[in-house]
Amino acid sequence: APTWPASTDELEDILFLTSGYRASGFATLVTPCNKEFETGRITSAAWLRTAFHDMATGNAFTRVGGLDGSLQFEFTNGESDGKAFPTSLAMWGSFLSSKTSLSDVIAAAVYTSTRSCGGLPVPIRGGHVDATGSGQLGVPQPQNTAQTFEQQFTRMGFNKTAMIQLVACGHTLGSAHAPESPQIVQAGTLPLDTTPSTFDSKIATEYVSGTTKNPLVVGISVNSQRNSDRKVFGSDNNATIGTLQDTQTFSRVCQSLFQQMIELVPAGVTLSDVIAPYDVKPYDIQLTLLDGGEKLKFTGDIRIRTTLRKNVAQVQLVYKDRTGAAVSTPIGTTVSGTASGFDDTFLFFGFSTEIPSGTSISSFDVVVTVAGGTSQTFNNNGNSFKVDDTLFYQAPQSCVVPNNGIRVAAARRISAQSTPSLRVVEKKPKASPNPVPSLAISNIALNEAQGGSNDYVISTATYVLASPGTPAMFGVYAGALVDVSKSTDSLPTTCKPFNASPSPTEPSSPAFAYQGCYYDAAVPRALPSEFLVNDNMTIERCSAFCTKYQLFGLEYGRECYCGDKLDSTSTIQAISDCNMPCSGNQTETCGAASRLSLYKNLKYVPPSSTSPTSTPTGTPSTSSTPTPTSTPSLQGYDYVGCLSDAVENRTLHDKFETKSDNSYTACAAFCSGYEFFGVEYAAECYCGISLAYTDPKPLSDCSMPCTGDPKSYCGAGNRLTVFKNKTPIRAPTNPPIEGYKYKGCYTDSVNKRTLSEHIYFDAAMTVDKCAAQCTSYKYFGTEYGGECYCGNMLSADTATAAESDCQFLCGGDKQQLCGAGDRLSLYEKSS
Ligand code: HEM
């Protein structure tokens, strides 16, 4: 397998990731083999013929032409008439990218069409280079003489035997059509053998037996001397065609000649090694600097080839920090999807974790554990999988901006001296009738210093897309490392400011972590301490039931088991063994018969420190799930209810803290200035200006004693005890500034600033601070939470925008509004 990353990584997906999660969509176009793009026109046959015509003008001796995509400039020259050519080229054009040339896609098309129809896999190399104009003439025409055919194929590098073989291989698929071949087919469509959508030897057997109806052998083509297959097959007195009757021989011969066909390339082109599917392939490996700058979010997907490894039980990442020192805790993953190719199956494992930005990550290895517990480490052919932490894309600060622009942010490590740029690759249509787009590459310098942290500085660049509506690819790079794998389709409409303090919305850790699918013998139980059987079982419910234990597991759809230690008879099993949906949530997995979906309770605290010393009021103390009955209360606050909450979708999402001394009073103090506060899972305290949603649950659900006040209840797993401040809290505003009046929300752009005379950045921006910076100017405005602009005149390009556009809270005062991405909260001196 190749060393990752390789220039052929995208081509590898086109070839091998044919269906399922992250499928490239290429094979779908020719699957099943008889799929037609129009009645009577089989797409796989059209692809194979188009690939041959692209190569057929090449010269193996002078090394001019060959498989080079020149057909896109040639299919109107009379040698390639018919719909097959522009249709195939247009389909392939959508897979063209800065990594994969059109001729690489053509090579892939030979593999995919052959394989989809039952032929053997043609070995594919990448690195084909596209011609920029038309090549020579020379595609074999049916009216040519046998001698001309021989000369033409010799020029392409095929001797007489290979010519006969290659023509037979091509003509096992597809038909001749009256519109383009009126002297071959009178009307409609005639197949070249009786099985035009099967890659078999019928083209040869039917010819040899004399039963053939191939219109290139018999029929009206004979009179016009366009019976080219007769001329070709008969050129050695039918010796070669006779040897092709055996299906296996036929397939093997075609496999090797198709490879030769797509490897005829112009001088100067060096093809890669034959592309084999990776055993382990990373996707979308991404670092993101989180608000506050102390942590990096590290996310991605790992694809495991399971073709010969069906019993994968667990996948983990063991990694090294920035200095190259091994980090002891591995990164866990969960299944994100399954996929397959013609000859392979794959499982994808996703991960999302947080790493201190001071120590960071430099590389990782992938440890795959199989059923029973044996594990194997994949280290990328001894190189480990490298993670570049010196420059990376910052998704939260990137977005689309008005008038077809994109604003892209990157984080650059301050100590690594490099000049970062944004690269945008756009597809532009070529002049008609060429259906293949051209690629326009733009490089834009990223402007430094838009905030950041001690280790990183955030830079942004804005770019106006040339063809709005057509998604473009982009990426950030410094020096040679160019990554253009992001699509402008993925950009949101608002950029978030980079906050100097950690974002309050994400609790530092989730409540539980998946450990794998484990065997449960029943006698003895894998997790023996407590159990619950319920027709509404979910992972969350089981976790809430097992809070007093270090481990919990779900089995047979509706069973939940708790324990501190796994019984020694319980060993890890293939991840696919746990396949029963949970009775309470069909999208979650709850083990199977004798199979436990095992979780670690990440919020486990030894019992002595959590269990209240005195029994909370109104609680029966014997039950394992206490049932609070009296309504919680706090002076100055209204009790809202016991509301449901979710890690991905917080009910209260403006501020968060875990408190070892959590109580209603302590959380209310922490949330001063916010309309609502809520307590959850004993120790968690959440604040919000508003409730994101309201999903009331029975009072008895909020059953965990508060860490700092065991007599009161502080929610439970995904249950929030919510209070509302009796004194209304004001909403953020454009505050009045003495000597100025607020003029409104105005558009701005990086290329042409609305106010350009003085610029000032401060992560802790307030409107007052900006006003103080701009005292000698007529106008000032705040933008993007932390930017301040001054000037005596407004750019002619600016226009008023909706007030609802300018909704970023100022970094230094959450009660004030400070513009938004490319939106200025504008003030004018009152004369
Ligand atoms: C002496 C060389 C060749 C001649 C004169 C020739 C000629 C033709 C003609 C006249 C057709 C019918 C086109 C139509 O009416 O749509 C055809 C179809 C086809 N040819 Fe060839 N061919 C040659 C070699 C090859 C080779 C080497 C391949 C592939 C390796 C190939 C692949 C195909 C395929 C797949 C079709 C069916 C297309 C469809 O169904 O749309 N041909 N060929």
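What share of the contacts in the protein chain with a separation of 6 or more comes from residues 24 or more positions apart? The figure is 70%. This is a predicted model. The protein chain has 831 residues, and 46% of them are buried. Its secondary structure comprises 14 helices and 45 strands.

**Overall dimensions**
- Along the principal axes, the C-alpha atoms of the protein chain fill a box of roughly 105 × 85 × 50 Å.

**Around the ligand**
- The shell around the ligand holds 28 residues.
- Ala-45, Arg-49, Gly-170, Gly-174 and Ser-181 come nearest to the ligand.
- Five elements each supply at least two shell residues: strand E3 (41-42), helix H2 (43-55), helix H6 (160-170), strand E4 (175-177) and helix H8 (228-233).
- Helix H2 gives the most, with five residues.
- By residue class, the shell has 16 nonpolar, nine polar and three charged residues.

**Helix H7 and its packing**
- Helix H7 spans residues 202-209.
- Its buried residues are Lys-202, Ile-203, Ala-204, Thr-205 and Tyr-207.
- These buried residues pack against H6, H8, helix H9 (239-243) and helix H10 (247-262).
- Two of those partners, H6 and H8, also supply residues to the shell around the ligand.

Notes. Residues are numbered from 1 along each chain as its sequence is written. This is a predicted model: local features need pLDDT of at least 70, side-chain atom pairs count only at pLDDT 80 or more; totals for chains, interfaces and linings use all residues. Helices (H or I, at least four residues) and strands (E, at least two) are DSSP runs, numbered from the N terminus. A residue is buried if 20 or more other C-beta atoms lie within 10 Å of its own, exposed if 12 or fewer, and partly exposed in between; C-beta atoms are placed from the backbone. Two residues are in contact if their C-beta atoms, placed from the backbone, lie within 7 Å. A residue is near a molecule or strand if its C-beta atom, placed from the backbone, lies within 6 Å of it. Ala, Val, Leu, Ile, Met, Phe, Trp, Tyr, Cys and Pro count as nonpolar, Asp, Glu, Lys and Arg as charged, and the others, Gly among them, as polar.
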